[in-house]
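Here is a short briefing on one protein chain. Please look at the sequence and the model first, then read the points below.

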Amino acid sequence: LRFFNEQYGGEYYPNSYAYAHGYVDNIPLLKSTGDICKYKIDFNENWRNKGKLNEIYNSCDKDIKTTVIEHYQYFDFIEDNNKSRYLYDLKGFAYKKLSNSYFDNLLISIQFGYVSQSKEQLTNFDQILSSLEKSEAQFQKEKDEFSDFVKSIEAYQPIPKTFSEFKIINGENPQITVIRKYYWLLTNGKLNEAYKMRFDQTELTYETFQNWYKDVYHAKPYDFKETNSDEYEFYIEYQDHNKPKKKFRVKMSVNEDKIKTIFSDEILTKEVSFGEYSAYAIKRGDKNYMILAENGKEIIIDEGGANYDSEYSNLIEVKSFREPKFSPKGNYLIYLMSGWEWSAYYVYDVKNKTVKISGLGHGFDFTPDEKYFYTCSSMGMITGADGEVYSVPDFDIKFNALDKVEDGFSSGVGCRYEEENENIIFTFIDDKGDVIETKVFSVSNSVK
């Protein structure tokens, strides 16, 4: 189900470098006519000889469009003479105009079948069904079920937003009252009044301010803490219309009935704590940060860009951080860093303020006494499997489970700690998911 508003222009070819060549479908025509039979997928640019899309078959009845989309690709790395490959999608499409003031359009699609990496170019509908090993009767049954599904969809008008009265709290610090009123004005759509409460009106135009906050659905400040004279730090529950809820940590100064934002951080992860340390990820401005705080004093331990530019030319710079957690004794912080089509875990030494190991897959842990750290992973597109035990705190490799491994496994290595026997157990999995070999590392330094 694709919901979109009146500004949506269409879907791009599935390669960011080809975005400049435009859309693959004619969404504007679909929105203006409401006729699914006029909807078309087409991308003939054949960008760098890497691919193009073309409808080789379509039919339309009962407000359902059936189409076969040919995706031509040319692969330089294929060694035979025929480097061309054809992919075929047998799909159904339907459209509904919702008119509910938010997302007024709904494009429904279903994939009836998919032919992958065909050396031969298919030219008609019967060849597609034959390649899918699908009978005409079976296809018609699936199409009728899709039609029934489309008919069952109902659209409802949004629940109107209700506006509240501003509450005066007896005995409240009047400066906190000013901050609360500012966010109450935002929530209730009184943007002109909220704008007049800002110190920075000479630097910030009302048009920019209005663009920031025109879609505010909910903005509630809480947990106020006075950090300096006339300065307060607090958290915000924040949500725009039809957007996920967010949490911000804000610091503001107040002078009479005017406010000034000193900083505003979007909290991207849950805060985890161990003793005097805590850790979390934030977004500040155009950067994401991984934060380690010691007794409330923050240290930036990793950072990266927060937003891709319009041409996606900054893929290397953009990074996000998730899943922070402390080791069993709190000496190390583990966190996930991810970017464009990659992710890896990092182990950070809390006391010595340095990364000890990086580039880890999803299988790893410390032994409960933190004397050993072990890791395992499956094969990836460009990486092999691994299974290793490191001594702590030097993180020297003490055991490599892949040494002298019999050939034959392809899916990867699993690992776990067996507490009762103090063993780290590595299991080797073949491409069927079966365990074909097991290795054990004893933490008493004997290898079985």
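Strands β15 (residues 320–326) and β16 pair in the antiparallel sense, over five bridges. The coordinates come from a predicted model.

- On β17 (residues 342–349), strand β16 has another antiparallel partner, joined to it by eight bridges.
- In that pairing, M337 stands opposite A344 of β17.
- The hairpin of β16 and β17 has two residues between the strands, and E341 takes a positive phi near 65° in it.
- Strand β16 (residues 332–339) is mostly covered, with seven of its eight residues buried.

**The six-strand sheet**

- An open sheet is formed by six strands in the order β1-β6-β5-β4-β3-β2, with antiparallel pairing.
- β1 (2–4) and β2 (42–43) each have a single partner strand, so one side of each has no neighbour in the sheet.
- Strands β3 (residues 52–61) and β4 (residues 64–74) run antiparallel and are joined by nine bridges.
- Within β4, T67 is the residue opposite N58.

**Helices on the sheet**

- Helix α2 (residues 125–132) lies across β3, β4, β5 (84–97) and β6 (105–118), and it runs at about 105° to β5.
- Helix α3 (residues 136–152) also packs on the sheet, where it touches β3, β4, β5 and β6. The direction of α3 makes about 155° with that of β6.

- The residues F125, I128, L129 and L132 of α2 are buried.
- Seen down the axis of α2, these buried residues fall within an arc of 95°, so they line one face of the helix.
- An α-helix has 3.6 residues a turn, so residues three or four places apart point the same way.
- The exposed residues D126 and S130 are on the face of α2 turned away from its buried side.
- The cover over the buried residues of α2 includes β3, β4, β5, β6 and α3.
- N124 caps the N-terminal end of α2, with a side-chain oxygen 3.2 Å from the backbone nitrogen of D126.
- After α2 comes E133, which has a positive phi near 55°.

**K143 in helix α3**

- K143 is in helix α3.
- The relative accessibility of K143 is 8%, so K143 counts as buried, the cut-off being under 20%.
- The side chain of K143 makes a polar contact of 2.8 Å with the side chain of D61.
- Not counting residues up to four places away in sequence, K143 touches S59, D61, I64, T66 and F112.

**Nonpolar cores**

- The largest nonpolar core has 27 residues, and Y182, Y183 and F209 have the most contacts inside it.
- The elements that give two or more residues to this core are α4 (174–187), α5 (191–196), α6 (206–213), β7 (216–228), β8 (231–240) and β9 (246–255).
- α4 gives the largest share of this core, eight residues.
- Y183 touches A219, P221, F234, I236, V250 and M252, not counting residues up to four places away in sequence.
- A second, separate core of 21 residues includes Y86, Y88, I108 and F139.

Definitions and conventions
Residues numbered from 1 in each chain as written. Predicted model: local features only at pLDDT ≥ 70, side-chain atom pairs only at ≥ 80, totals over all residues. Heavy atoms only, no water. Core = buried A, V, L, I, M, F, W, Y, C linked by side-chain atoms within 4.5 Å. Buried < 20%, exposed > 50% of the residue type's maximum accessible area, 1.4 Å probe, protein only. Helix = DSSP H or I, 4+ residues; strand = E, 2+ residues; numbered from the N terminus. Contact = heavy atoms within 4.5 Å. Pairing = 2+ DSSP bridges. Axes fitted to C-alpha atoms, helices over the stretch in contact; angles between N-to-C directions. Polar contact = N/O pair within 3.5 Å; in protein donor to acceptor, adjacent residues only side chain to side chain. Arc of directions from axis to C-beta.
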